[in-house]
Amino acid sequence: MMKASWILGLLLACFWMPANAAWLAGAARADITPVESVPLAGYGGKTRMSQRVDHPIWLKSLALRDESGATSVLVTADLVGLSDKMIAIIAKNAAEKHHIPRERLILNCSHNHSCPVTEDVLWLYYEFTPQEVAAKNRYTAMVYAKYDEVIGAAIAALAPAELRFDQGLAGLAVNRRRARGPESRALGGQVDQDVPVIAVKASESLKAIVFGYSCHTTALGGLSINGDYAGFAQFELEKTFPGCVAMFVQNCGGDANPLPRIRGHDAEAVDLADRYGRILAEAVRQVLAGTMTPLSGPLKVAMGETELPLQEGIPLQELKQRLPNLTGMPRREFEHFIRQHETAGGTPDRVRYPIQVWRFGPELTYMALTGETVVDYSLKFKASNGWNTTWVSGYNNDLLSYVPSLRVLREGGYEGVSGMFEYGHRGPYTEAVEDLITAKVAELLAKTR
Ligand SMILES: [Zn+2]
């Protein structure tokens, strides 16, 4: 291993000739491993209390300052997602304490299913005892403090750096809708197996690696804390490049799973997730060993919001009629809709949908979509904007719902239709969903040119 890293270091030194752009970059990481047993996130059903830690989980931050003097911050997290409430608290703090405007702050989560529950994320999934709520609240308070710490530390570490971009490929993502059973085999198997990589280099060493992939972090689902395959990949890269902060960005993995998976065999399942992580890390290492394209800057940013209309929900009378026959999560969903009718006069008919675009120059446009975006959005925007110059990330901002394309919506199933109740929405999006997102992306792209 030592020899391999030494050779890779030598290769990097050969390929990384100085580039012109005047970037300052700083990277930091903060350990968010819980210090007690906490409720685990991501899967509904019986509460899973953590029993052990396979490896630490992290918040990681990259601060960038271009020649215009503007500072932008990307934070990645080994968390399942953030809620609207959490985003507001973190963004307010970043603005007031660290002077980062909202459009220059991107908050991405790996969608890790082996992390603790925070605040009100996926609140309909869980039914907690008061003790479990207290553990969740203690953990959430720690996470807020660590967001503050990691953003501040990355800004404090700003120093001259080079940024480069290129992409590799890794084959672990499988379209999970197709894998659901015989009746799903007629569905297409669309996946995006690109591994986009931004390398940040200073003083002949790698300061940070930002790499992405479009696939649910659901290789594991036991009672352990870990970062799933994305955590193993980050761990592997930080082992190869000591001192480097390796940051995983979840892209449009809404309808992809790492497959095959092993259920009910913990040691074997962890070993498989580790292997998936090492495959992804190897794809990143191969990109880093290539020439990569210098990013010229300046970093032009735009943020906007569209509203996604929802189809009609179940009428109040029917909700009340069906409620007594329900238990668990469906019962909590119906109670939520009834509460909305009784307190707000009805269920909301639309969802706010934020989008961010960061343009690093002609070499890379980085799009940050919100929620559990399916693969079609990544393929669509790369096709229209440039396969080798576009990075489409999902799972930014709040984990508001699955975000189906028109195709997925029409096909039906979990990601288009049945998953909406779990997020507290009265029904599926209307068929305008893809066009509305596409129009807003086009508007924001135009602002960054
Ligand atoms: Zn998901």
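**Where the two domains meet**

Analyst: Happy to. In this predicted model, 43 residues of domain 1 touch 40 residues of domain 2. The domain assignment places domain 1 at 2-298 and domain 2 at 301-447, and the centres of the two, taken over C-alpha atoms, are 22 Å apart. On the domain 1 side, the elements that supply two or more residues to the contact are α2, β5 (105-109), β6 (159-169) and β11 (245-250). Strand β5 gives the most to that side, with four residues.

So much for the overall contact; let's zoom in on one residue. Leucine 107 sits in strand β5. Is leucine 107 buried or exposed? Leucine 107 counts as buried because 27 C-beta neighbours lie inside 10 Å, and the cut-off for burial is 20 or more. Leaving out residues up to four places away in sequence, leucine 107 touches Val75, Leu82, Ile87, Ile90, Asn396 and Asn397. Asparagine 397 is 290 residues from leucine 107 along the chain, yet their C-alpha atoms are separated by 5.7 Å.

One of those partners, Ile90, leads us on to the next piece of packing. Ile90 is among the residues of helix α2 that meet helix α3, together with Ile89, Asn93, Ala94, Lys97 and His98. From α3, the contact is made by Tyr144, Tyr147, Asp148, Ile151, Gly152 and Ile155. Helix α2 covers residues 84-98 and helix α3 covers residues 130-156; their axes are 10 Å apart, at an angle of about 40°. The two helices are therefore oblique to each other, and α2 passes α3 in a right-handed crossing.

Between β5 and α3 there is a loop that holds leucine 122. Although leucine 122 is not a glycine, its phi is positive, at about 50°. Leucine 122 is counted as buried because 20 C-beta neighbours lie inside 10 Å.

Now for the core. The largest nonpolar core holds 125 residues, and the members that touch the most others are Ala25, Leu62, Val197, Ala208, Ile209, Leu280 and Val284. Helix α5 (residues 266-288) gives the most to this core, with nine residues. Both domain 1 and domain 2 are represented, with at least three residues drawn from each. As a general point, nonpolar side chains in soluble globular proteins tend to be buried together.

With residues up to four places away in sequence left out, leucine 280 touches Ala170, Leu172, Val195, Tyr213, Tyr229 and Ala233. Tyr229 and Ala233 belong to the α4 side of the contact between α4 and α5, where Asp228, Ala230, Gly231, Phe232, Glu236, Leu237 and Thr240 also take part. On the α5 side are Ala273, Asp274, Tyr276, Gly277, Arg278, Leu280, Ala281, Val284 and Arg285. The axes of α4 and α5 are 7 Å apart and meet at an angle of about 50°. These helices are therefore oblique to each other, and α4 passes α5 in a right-handed crossing. Aspartate 228, found in helix α4 (residues 228-240), has a positive phi of about 55° without being a glycine. Aspartate 228 is buried, with 30 other C-beta atoms within 10 Å.

Two cis peptide bonds are worth a look as well. One runs from leucine 259 to proline 260, with omega near 0°, and proline 260 is placed in the loop between β12 and α5. Another joins glycine 297 and proline 298, with omega of about -5°; proline 298 is in the loop between β13 (293-294) and β14 (300-309).

Finally, we come to helix α8, which spans residues 375-385 and has Val375, Asp376, Tyr377, Ser378, Phe381 and Lys382 as its buried residues. These buried residues pack against β12 (256-258), β16 (365-370), β17 (372-373), β18 (390-396), α9 (406-411) and α10 (433-447). Just after α8 comes glycine 386, with a positive phi of about 125°.

Notes:
Residues numbered from 1 in each chain as written. Predicted model: local features only at pLDDT ≥ 70, side-chain atom pairs only at ≥ 80, totals over all residues. Core = buried A, V, L, I, M, F, W, Y, C linked by C-beta atoms within 7 Å. Buried ≥ 20, exposed ≤ 12 C-beta atoms within 10 Å, placed from the backbone. Domains from an automatic or database assignment. Contact = placed C-beta atoms within 7 Å. Axes fitted to C-alpha atoms, helices over the stretch in contact; angles between N-to-C directions. Parallel < 35°, antiparallel > 145°, perpendicular 65-115°, else oblique. Left-handed = near helix turned anticlockwise from the far one by under 90°.
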